[in-house]
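Hi,

Here is the structure I promised to pass on.

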Amino acid sequence: MKGIFPVDKFNSVTTPFYYYDTELLRNTLSEIRHETSKYDGFCVHYAIKANANPKVLGIICQAGLGVDCVSGWEIQTALNAGFPAKKIVYAGVGKSDWEIQLGIDKDIFCFNVESAAELEVINNIAQKSNKVARVAFRINPDVGAHTHANITTGLAENKFGIAMADMEDVILKAEEMKNVTFVGLHFHIGSQILDMGDFRALCNRINDLQDQLERHHIRVEHINVGGGLGIDYNHPNRVPMADFESYFKTYARHLKLRNGQTLHFELGRAVVAPCGTLITKCLYVKEGTAKKFTIVDAGMTDLIRPALYQAYHKIENISSEEPIETYDVVGPICESSDVFGKAVDLNACHRGDYIAIRSAGAYGEIMASCYNCRPMPKGYLSDEF
Ligand SMILES: *Cc1c(COP(=O)(O)O)cnc(C)c1O
């Protein structure tokens with residue numbers, strides 16, 4: 001055992017694989033429950049796109065969270081995992097007819113509608129099924145988040161949501177339709193947000209929009225502020241949990257909820273990122289002309305975040321206690337971007353050492369691909385060792 005990992009038991013499974021720390025996941029879920037129970041009407045949905053490993057979903061489902069889906073397949077996966085349909089919210093700019101039909105057939109809690117065109121299609125499909133679909137409108141609040149450009153979603157230039165200027169028209173349109181009911185407003189400004197000021201800016205924007213709607217006597221039952229709470233990728237041991245206390249407190253303080261309103265959250269990364277580690281083996285240590293490489297058996301096919309977003313993951317050699325050396329940690333895939341980290345300080349590496357790529361529980365396993373005809377990585381709970 002080095003640190004939190006039962007290294008001596010890892011030879012029972014093949015690398016690379018995802019290792020999920022069950023205790024940390026459970027503690028995280030308790031912390032979310034503890035922090036939200038301080039306020040009335042706070043309701044948390046897990047953004048299933050972050051990680052849909054069935055074993056992980058089982059634990060999250062047991063904790064009583066709802067679920068936020070962005071595809072019909074995710075709705076099906078959530079139902080299979082045991083999440084009740086009445087706790088499912090469904091967003092996405094491009095919902096296909098079958099996905100809308102599935103949401104209607106299963107009576108999901110709410111569609112987060114991203115355009116007037118989509119509203120019409122939902123109304124038509126619901127009409128054919130003799131149902132009334134519950135809809136919220138995803139409003140693009142034009143609030144920037146201080147995060148990577150590829151993961152901001154709430155700016156006017158992004159493809160997501162309905163422009164604020166069109167909000168009232170689309171609500172009035174929904175109120176004229178027979179097979180949809182308007183239930184709320186939805187927002188989501190981006191991901192890996194650590195600056196509470198970004199969430200405060202969203203609160204202020206929502207307060208203004210609510211004032212505007214109130215002047216026109218439009219009632220909103222549900223406010224959904226999306227997700228985006230970030231985690232500390234630099235210090236997975238010292239700071240193993242997102243700052244849920246500050247996050248929920250920011251909304252409690254700055255968002256002016258009206259009487260009886262429910263406030264929904266859609267957290268993905270903050271729920272699952274810290275508990276997951278990609279475990280890989282050192283295949284070769286290679287002395288380049290200018291630097292040393294540790295070549296591992298995991299690649300960007302197993303964890304694409306560094307290649308896709310230049311994301312940082314802390315990397316540790318969990319087999320060695322030898323003095324520190326500096327390596328580029330790279331995978332076997334035929335792409336120059338197949339790099340997990342450059343100039344990484346690791347205990348000296350040897351063939352066969354286990355290398356841990358930390359904080360990989362979100363947007364890791366779920367984004368794996370079969371490029372180079374590789375198999376998908378498997379995921380194991382810590383309890384299984
Ligand atoms: C991705 C996404 C989330 C979750 O984002 P995190 O940064 O993982 O918390 C929530 N809501 C919507 C609509 C999303 O697309």
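In this predicted model, a polar side-chain atom of glutamate 266 sits 2.6 Å from a nitrogen atom of the ligand. That is a polar contact, meaning a pair of N or O atoms within 3.5 Å; within protein, one must be able to donate a hydrogen and the other to accept it, and residues adjacent in sequence count only if both atoms are side-chain atoms. Aspartate 68 has an N or O atom in its side chain 3.2 Å from a ligand nitrogen, and a polar backbone atom of glycine 268 is 3.0 Å from a ligand oxygen. The ligand is surrounded by 14 residues, the closest being Lys49, Ser191, Glu266, Arg269 and Tyr363; a residue is near a molecule if one of its heavy atoms lies within 4 Å of it.

Before the rest, some housekeeping. Residues are numbered from 1 along each chain as its sequence is written, and side-chain values use heavy atoms, with hydrogens and water left out. As the model is predicted, local features need pLDDT of at least 70 and side-chain atom pairs count only at pLDDT 80 or more, while totals for chains, interfaces and linings use all residues.

Back to glutamate 266: its side chain also makes a polar contact of 3.0 Å with the side chain of histidine 186. Histidine 186 belongs to strand 8 (residues 180–186); helices (H or I, at least four residues) and strands (E, at least two) are DSSP runs, numbered from the N terminus. With a relative accessible area of 1%, histidine 186 is buried (buried is under 20% relative accessible area, exposed over 50%, partly exposed in between, using a 1.4 Å probe and protein chains only). Setting aside residues up to four places away in sequence, the residues that histidine 186 touches include Asn112, Phe137, Asn224 and Glu266, where contact means heavy atoms within 4.5 Å.

Asparagine 224, in strand 9 (residues 222–224), is buried too, at 4% relative accessibility. Its side chain reaches the backbone nitrogen of glycine 226 at 2.8 Å. Beyond four places in sequence, asparagine 224 touches, among others, Val89, His186, His264 and Glu266.

Now the aromatics. Rings of Phe, Tyr and Trp (its six-membered ring) pair if their centres lie within 6.5 Å; planes under 30 degrees apart count as stacked, over 60 as edge-to-face and the rest as tilted. By this rule the count comes to 24 aromatic pairs. One of them is tilted: tyrosine 90 and phenylalanine 111, 5.8 Å centre to centre with 50° between the planes. This pair links distant parts of the chain, as tyrosine 90 is in strand 4 (residues 88–90) and phenylalanine 111 in strand 5 (residues 110–113), 21 residues apart. Both tyrosine 90 and phenylalanine 111 are buried. Elsewhere, ring pairs join Tyr39, Phe42, Phe199, Phe244, Tyr247, Phe248, Tyr251 and Phe265 into a cluster.

Tyrosine 90 is also in contact with valine 70. Valine 70 lies in the loop between strand 3 (66–69) and helix 3 (72–80), and counts as partly exposed because its relative accessibility is 34%.

What about the core? A nonpolar core here is a set of buried Ala, Val, Leu, Ile, Met, Phe, Trp, Tyr and Cys residues joined through side-chain atoms within 4.5 Å. The largest has 99 residues, of which Ile60, Phe111, Phe137, Leu185 and Tyr251 touch the most other members. Helix 7 (residues 196–215) gives the most to this core, with 7 residues. A second, separate core of 11 residues includes Phe5, Phe10, Val13 and Ile318.

Isoleucine 60 is one of the buried residues of helix 2 (residues 54–62), along with Val56, Leu57, Ile59 and Cys61. At the start of helix 2, a side-chain oxygen of asparagine 53 comes to within 2.8 Å of the backbone nitrogen of lysine 55. Just after the helix, glycine 64 takes a positive phi of about 90°.

The peptide bond from threonine 15 to proline 16 is cis, with omega near -5°, and proline 16 is in the segment before strand 1. Serine 359 has a positive phi of about 55° although it is not a glycine, and is buried at 2% relative accessibility. Asparagine 372 also has a positive phi, near 65°, but counts as partly exposed at 36%.

Cheers
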